[in-house]
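Dear colleague,

Please find below the structure that I am handing over to you. My notes on what was found in it follow directly after.

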Amino acid sequence: VQLQASGGGLVQAGGSLTLSCVASGRTPNRYPVAWIRQAPGKEREFVAYITWSGSDTSYIDSVKGRFTISRDNDKNTVYLQMNTLKPEDTAVYYCAADGLERLIRGKSTYWGQGTQVTVSS
């Protein structure tokens, strides 16, 4: 499975961004997909996941009510809509595909290349 993440950028606090992750290769739509972020000097942190059917999603507490993960299997794409962004959301955001137990621990077999999100105060 190959993953291509995009959509990061610089935004002011309170603003919005939408990240996209396009999957290709062998059976890309069969895996749960997560967004995992890494801030400078910190370990990778699970942010949100979505199952392959889209019927199950989960978020870390700090983004609940602000971020929404979704997927379009016809386009092999997973999205992360980020609203009301805060400076503490600043990080490199990676999309990842694997089993749920690994994803929620910030681990994965398949990774996208990462996209930088910077939120200014």
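I begin with a turn: S5 and S6 form a hairpin with 6 residues between them, and Gly54 in that turn has a positive phi of about 85°. Strands here (E, at least two residues) are DSSP runs, as are helices (H or I, at least four residues), and both are numbered from the N terminus. This is a predicted model, in which local features need pLDDT of at least 70 and side-chain atom pairs count only at pLDDT 80 or more, while totals for chains, interfaces and linings use all residues. Residues are numbered from 1 along each chain as its sequence is written, and side-chain values use heavy atoms, with hydrogens and water left out.

Strand S5 (residues 45-50) and strand S6 (residues 57-59) pair in the antiparallel sense over 3 bridges; two strands count as paired if DSSP finds at least two bridges between them. Within this pair, Ile50 has Thr57 in S6 as its bridge partner. S5 also runs antiparallel to S4, to which 5 bridges join it, and Trp35 is partnered there with Ala48 of S5. The hairpin of S4 and S5 likewise has 6 residues between the strands, and Gly41 takes a positive phi near 75° in it. Of the 6 residues of S5, 5 are buried, where buried means under 20% relative accessible area, exposed over 50%, and partly exposed in between (1.4 Å probe, protein chains only).

An open sheet is formed by 4 strands in the order S1-S3-S8-S7, with antiparallel pairing. Strand S1 (2-6) and strand S7 (67-72) stand at its edges with a single partner strand each, so one side of each is left without a neighbour in the sheet. S1 pairs with strand S3 (residues 17-24) over 5 bridges, and Gln2 has Ser24 in S3 as its bridge partner.

Turning to the charged side chains, the count comes to 5 salt bridges, a salt bridge being a side-chain nitrogen of Lys or Arg within 4 Å of a carboxyl oxygen of Asp or Glu. One of them joins Asp89 and Arg37 (3.0 Å, N to O). This pair links distant parts of the chain, 52 residues apart: Asp89 lies in the loop between strand S8 (77-82) and strand S9 (91-97), and Arg37 in strand S4 (residues 33-38). Both Asp89 and Arg37 are buried. Asp61 and Lys64 also meet in a salt bridge (3.0 Å, N to O), but these two residues are exposed.

Yours sincerely
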